[in-house]
Amino acid sequence: MSQPGDGIRVALFATCINDVMFPNTPKAVVKLLERLGCTVDFPFGQTCCGQMFTNTGYYKEGLTTVHTYVDAFERYDYIVAPSGSCVGAVRHQHPMLAEWAGDELLLARVCKLVPRTFDLSEFLVDVLGVTDVGAFFPHKVTYHATCHSLRVTKVGERPYQLLQAVRGLDFVELPSDEAGLPTAEECCGFGGTFSLKNPDVSVAMVSEKVRNILATGAEYVTAGDNSCLMNIGGLLHRQKAPVKAIHLAEILASTEEDAA
Amino acid sequence: MTRLTPAPPPGKLIDSPPFKVNAKKELANPVLRKNLRFATHTIRAKRRLRVSEVGEEAWQQLRDAAAEIKDRVARHLDTYLLQLEETLTAKGAVVHWARDAAEANQIVVDLVKAKQVQDVVKIKSMVTQEIDLNESLEANGVAAWETDLAELIVQLGHDRPSHILVPAIHRNRSEVREIFLREMGRYGTPAPADLSNDPPVLAAAARTHLRNKFLAAKVAISGGNFAIAETGTLVIVESEGNGRMCLTLPETLISVVGIEKVLPTFDDLEVFLQLLPRSSTAERMNPYTSMWSGITPGDGPQELHVVLVDNGRTQALADEIGRPALRCIRCSACLNICPVYERVGGHAYGSVYPGPIGIALTPQLRGIKSVIDKSLPFACSLCNACADVCPVQIPLPEIIVHNRNRVAEAKQSERRPHLETTAVGAMTWVWKNPKHWEKMLKLAGLSGKALAALRVQSLGPLPPPISAWSNARDLPAPPAQSFREWWKRNREGAQ
């Protein structure tokens, strides 16, 4: 039987936070992409996209990770990461850093990689052309549109389309605010080093996000970024709330066999 | 010496504590948070509606046009400013140039003193807030009266503005009632004793209080939303009509205008008068738009002074990344959408420009020397919501990150070690070489194993600096095996 990913070789960009803290997410990406027929490579040269450096103002340091990224992934046509935020960093910050350094050669190499780097949801919907990935997840789930996946990488409706095609999944939207605007699009307060530099504001933001999540009655909150989920999940866990944070990739990788 | 006008809080804004300290104080005020949340969410939704009426494509065309006009102004600022001076002068205005706040204040003080008046009326103006003109006038024996309703509330409340467009956004109507009852009588016509907190009643009290000030004033001070180089026209966009009173009744008008406010031609207004009201008050059109070109005999002020103020603007202009911050038309859409501003309000920013534009613009205008200015670029989670709503497409997140870079480089150039620069140096070593990273992953795995043996699944409160995170949130314990290790064990052999 032919598969949408037949003949497609993908380099998995696990991202540093997933590699060290959330290995189940890249494992889920491997499982999902292979189920769809892709061949998955994991280039060992990869480390971090450098966003934490760049966003804290350390450009010189961010630049070192641009080199690592380019060296690791240059030979691939498709690079897939389970992170709207890290993909956004590759697309926008890597060219900015190369320009800042006045490194034309690096800029040329970076610009070649920009259109080949995809967030998982983009790769599934745009490259493989699938929204039903054959997943089964019999739970009530709500979705937080992380800032960078929504406004930087601009994954749009793709995660919703993917979630809605999951068998057994009971999807519930995060509530609208009192003025009728979707709270799903509001920042969770993570913001990388923002959560350390301005912890009080960060906690005020995530507290509201968690209130909205609890109001849905969902068992799981999902998103395309484990950094935001770590922030949200960290407060859910502290509050002993009955909601678990789970990456979108792990839902999409689940099947009937897993549930059994 | 007794004061003529209500005293604002002591101290200068630039001497404020760092943002984090101010934010903590503001977060502890539940009334403030409730007022701010209600106000920002309401105006956010209204803005979205008013913008959607224009249509996505047409709105984007307007934004593109606005950005292009403002960028052209920035590229040829010298030419347009000289043209403005020429057209203004030809129409009977006197043009003054001010390098900084002190010069601008001195010019205005001298002009007012020459008129031998004790009182002036003011139209809401950001640049006069920026240069703290009212306090300069006060120190020289002149009372400057704010006539915008919200600015009046702030002034009578011995307070500072907390929003660019809605300076009293942090006050609710019961607080306004208390301020009016307590203060109006001390500085003019008192509020009626039976004042209720009904908005029309409060507005009526302000009208009565201000009426005598308008009628008595010989000198008015305004800012300017736009200054048209081609025609020598100044433009004020307002809602209440107090501006119209100030622009028509007094004999002398002093308009203090930032040099970036110049627009090449009258036609350019078409773009901005569509963008500004919908982005700021979320109206299709604002109630009062006043335009004046020099002096018209027998009609309006017979003496017009225009003070063109730099005060850091050419410094921002010289910074290629920071330059687009000068496109700002002070609509406040970025404040209203900002999740940080919504929680802390404007006072936490130690600048008359709070919110996203504040943390982009203030370190451009004032530099990054003071404690507050060093902290401002970090008062942002980089959620990017501001960039989407900005009607002149200022790349706010990029400028904010650029300001962070300036702060980080300044920190690195200091001789003393910082915890942050040390940590960044260590992580650079880890991430620049995959072998180093692998070692770190092994170490994390070992600690994960140890924690698992102790049955620790998550980490509660931890010592500083991680306490900033873990005081309110649990951190998951690292797993015993990184992804990389899993891949090596399970996939390398299989391939």
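This is a predicted model: local features need pLDDT of at least 70, side-chain atom pairs count only at pLDDT 80 or more; totals for chains, interfaces and linings use all residues.
**Exercise 1. Find the helix that holds Leu443(B), then decide whether this residue is buried or exposed.**

Step 1. Leu443(B) sits in helix 21 of chain B, residues 434-453. Helices here are DSSP runs of H or I with at least four residues, strands are runs of E with at least two, and both are numbered from the N terminus.

Step 2. Leu443(B) counts as exposed because its relative accessibility is 55%. The cut-offs: buried is under 20% relative accessible area, exposed is over 50%, and partly exposed is in between, with a 1.4 Å probe and protein chains only.

Residues are numbered from 1 along each chain as its sequence is written, chains are lettered from A and ligands numbered from 1 in the order written, and side-chain values use heavy atoms, leaving out hydrogens and water.

**Exercise 2. Track down the largest nonpolar core and say which residues have the most contacts inside it.**

Step 1. Nonpolar side chains in soluble globular proteins tend to be buried together. A core is a set of buried Ala, Val, Leu, Ile, Met, Phe, Trp, Tyr and Cys residues joined through side-chain atoms within 4.5 Å.

Step 2. The largest one has 139 residues, and Phe19(B), Phe180(B), Phe226(B) and Tyr349(B) have the most contacts inside it. Helix 4 of chain A (residues 59-73) gives the most to this core, seven residues.

Step 3. Another core lies apart from it, with 77 residues, including Val20(A) and Ile232(A).

Step 4. Now zoom in on Phe226(B): leaving out residues up to four places away in sequence, its contacts include Leu234(B), Phe272(B) and Ile329(B). Contact means heavy atoms within 4.5 Å.

**Exercise 3. Work out how much area chain A and chain B bury between them, and which salt bridges cross over.**

Step 1. The contact takes 69 residues from chain A and 71 residues from chain B. About 6100 Å² is buried, with carbon and sulfur atoms giving 61%; buried area is the accessible area (1.4 Å probe) that two parts lose on being put together, summed over both.

Step 2. Of the area chain A buries against chain B, Phe44(A), Tyr58(A) and Arg238(A) supply 12%, more than any other three residues.

Step 3. Eight salt bridges run between the chains, where a salt bridge is a side-chain nitrogen of Lys or Arg within 4 Å of a carboxyl oxygen of Asp or Glu.

Step 4. Glu208(A) is in helix 11 of chain A (residues 199-216) and Arg37(B) in helix 2 of chain B (residues 30-54), so the pair joins two chains. Glu208(A) counts as buried because its relative accessibility is 8%.

Step 5. Arg37(B), Glu178(A) and Glu208(A) are among the members of a salt-bridge network that also includes Arg44(B) and Glu342(B).
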